[in-house]
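Subject: Structure for handover

Hello,

I am passing on the structure we spoke of, with notes on what turned up in it. Please look through the model before reading the notes.

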Amino acid sequence: MPSATLTPYSRDRRDAISSRFADGNRPSALTTTVPREYVHRTAVSEVFLTNWRRGTADNWVVSAQWPRAHCFYGPVNGLHDPLILIETIRQAGILLSHVAHRVPLDHPIIWQRVRYDLSPQALRTAQEPAEVELHISDHDMVHRGKRLISARQEFRIVCDGADLASAMLDYSCHSPAVYRRLRGKYSDLALANSRTLPLPEAVPPRLVARERDRDVVLSPTDRPDRWQLRVDTSHPVLFDHPVDHAPGMLMVEAARQAAQAATPGLTLPISMECTFERYAELDAPCWVETRTTARADDGRRQVEVGVEQHGKPVVSAQITSVPTP
């Protein structure tokens with residue numbers, strides 16, 4: 001497959017599109033999302049990125065828009081969901097791998113580590129969708145020949161003109177042949193999905209700051225600090241399209257929900273770091289455990305979350321939360 005290239009609208013292209021509108025109805029600016037294929041999404045409604053451009057050398061600026069309402073990453077108490085930030089980082093990393101670093105579209109992008117630290121005040125919602133800018137720099141680029149193998153990206157993120165967060169993403173890129181070797185029998189998408197476990201019961205949604213059972217990703221056990229991961233492959237956001245393993249955003253959501261369940265009251269995760277050790281398969285249970293590591297007088301809590309399968313670590317997360325403003 002040839003490498004992908006996406007170019008923001010040129011002035012001539014904008015003028016050509018604008019000229020199609022009747023006099024008096026020409027928009028002063030045109031806004032659209034990037035093609036869904038460039039962020040590995042099937043539903044256009046789940047694409048948050050709107051454009052990209054080169055900044056200085058090895059630096060990029062990616063723009064995004066966050067909706068005022070979303071079926072899964074919706075605002076709570078007047079604050080945008082912090083995990084829409086991670087989904088936006090995910091999309092930006094994939095976009096740049098294709099359009100800036102010429103990774104073919106059929107090459108899987110695999111996370112090693114993702115982190116953010118944010119300012120809660122900048123999450124406040126307004127009467128219009130939030131306009132977000134991600135200022136991204138490339139580091140530790142590893143190539144095999146001309147092909148990108150792995151990279152680390154650093155983010156400075158601005159929301160409606162206010163500094164929102166700093167973030168980091170480590171990822172690797174694999175050709176389809178290499179991915180098949182890594183995944184073995186699990187590379188057969190149909191087979192992997194045919195072996196998905198029955199969906200276990202959900203913990204009460206209020207325990208994890210959710211409103212519907214469908215959005216709960218934890219199932220109770222006989223311990224208050226341990227849960228089984230609920231893997232609902234019919235979920236329209238977490239499983240936007242069929243995949244052969246539990247996706248990264250499901251694991252991040254499980255860590256967030258576990259930290260919430262382990263912390264009294266409604267909380268806001270202002271800092272999160274997730275490290276991905278191995279794939280979480282669909283045919284065996286994953287277990288999620290928490291440990292509170294620190295408490296502060298201002299209500300700040302630090303929680304460690306571990307996800308394991310077959311007795312081996314899958315994901316580890318460190319989350320710092322504060323009471324929701």
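Predicted model: local features only at pLDDT ≥ 70, side-chain atom pairs only at ≥ 80, totals over all residues.

Residues are numbered from 1 along each chain as its sequence is written, and side-chain values use heavy atoms, with hydrogens and water left out.

Salt bridges

A salt bridge here is a side-chain nitrogen of Lys or Arg within 4 Å of a carboxyl oxygen of Asp or Glu. The count by this rule is 21.

One of them joins Arg 256 to Asp 81, with the closest N and O atoms 3.0 Å apart. Arg 256 is in helix α5 (residues 248–261) and Asp 81 is in the loop between β2 (59–66) and α2, so the pair links distant parts of the chain, 175 residues apart. Helices (H or I, at least four residues) and strands (E, at least two) are DSSP runs, numbered from the N terminus. Arg 256 has a relative accessible area of 12% and therefore counts as buried; Asp 81, at 6%, is buried as well. Buried means under 20% relative accessible area, exposed over 50%, and partly exposed in between (1.4 Å probe, protein chains only).

Glu 253 pairs with Arg 210 at 3.2 Å between the closest N and O atoms. Glu 253 lies in helix α5 and Arg 210 in the loop between α4 and β7, 43 residues apart.

Glu 289 and Arg 223 also form a salt bridge, at 3.6 Å from N to O. Glu 289 belongs to strand β10 (residues 287–295), and Arg 223 to the loop between β7 and β8 (226–229). Glu 289 is partly exposed at 28%, and Arg 223 is partly exposed at 36%.

A network of salt bridges links Arg 41, Glu 87, Arg 90 and Asp 240.

Arg 210

Why does Arg 210 count as buried? Its relative accessibility is 12%. Leaving aside neighbours within four places in sequence, Arg 210 has contacts (heavy atoms within 4.5 Å) that include Asp 81, Glu 253 and Arg 256.

Nonpolar core

A nonpolar core is a set of buried Ala, Val, Leu, Ile, Met, Phe, Trp, Tyr and Cys residues joined through side-chain atoms within 4.5 Å. The largest has 87 residues, of which Leu 134, Ile 157, Leu 164 and Met 251 touch the most other members. Helix α2 (residues 82–99) gives the most to this core, with 10 residues.

Regards
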